[in-house]
Amino acid sequence: MKEKEKSCGKKEKERFSKPSVEQVAEYCSERNNGINPELFCDFYESKGWYVGKNKMKDWKACVRTWEQNEKRRAQSNFKNFVEVKKEPTIYERVYDSLAEKGIVL
């Protein structure tokens, strides 16, 4: 968060100003993160630039959070597409061996 210097030496926090789509696009381009800046702006515009119950303080930090969430989502989606070879349980092996011998339970 940026801060301004007051005349008496105290620091005053700068107020949040919502970014333009162009600013978000530029920042995302710098970070090469693949986030859609229009989607980002539209999402937070619909929320009144709130994150949960709190007014947004730093939109760049929010973009970085989206990056991390996208990475996690991509990894979990990849796991869903990878075929996991599951070993049969002891019960399945016994059932299969009995079925081979013609014994049906």
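In the predicted model, Trp49 is buried, as its relative accessible area is 4%, and the cut-off for this class is under 20%. Phe16 is partly exposed, with a relative accessibility of 24%. Phe40, in turn, has a relative accessible area of 0% and is buried.

A pair of aromatic rings is described by the distance of the centres and the angle of the planes. Across the whole structure, a search gives 9 aromatic pairs. One of the pairs is formed by Phe16 and Trp49. Their ring centres lie 6.0 Å apart and the planes meet at 45°, so this pair is classed as tilted. Distant parts of the chain are linked by the pair, since the two residues are 33 residues apart. Phe16 is located in the loop between strand 2 (11-13) and helix 1 (21-31), and Trp49 in the loop between helix 2 (37-46) and strand 3 (50-51). Trp49 also pairs with Phe40. Here the centres are 6.4 Å apart and the planes stand at 65°, so the arrangement is edge-to-face; the cut-off for that class is over 60 degrees. Phe16, Phe40 and Trp49 belong to one aromatic cluster, which also includes Phe43, Tyr44 and Trp66.

Glu67 lies in helix 3, which spans residues 59-81. With a relative accessibility of 8%, Glu67 is counted as buried. When neighbours within four places in sequence are left aside, the contacts of Glu67 are with Arg31, Asn33 and Ile35.

Note on methods. Residues are numbered from 1 along each chain as its sequence is written. This is a predicted model: local features need pLDDT of at least 70, side-chain atom pairs count only at pLDDT 80 or more; totals for chains, interfaces and linings use all residues. Side-chain values use heavy atoms; hydrogens and water are left out. Rings of Phe, Tyr and Trp (its six-membered ring) pair if their centres lie within 6.5 Å; planes under 30 degrees apart count as stacked, over 60 as edge-to-face and the rest as tilted. Helices (H or I, at least four residues) and strands (E, at least two) are DSSP runs, numbered from the N terminus. Buried means under 20% relative accessible area, exposed over 50%, partly exposed in between (1.4 Å probe, protein chains only). Contact means heavy atoms within 4.5 Å.
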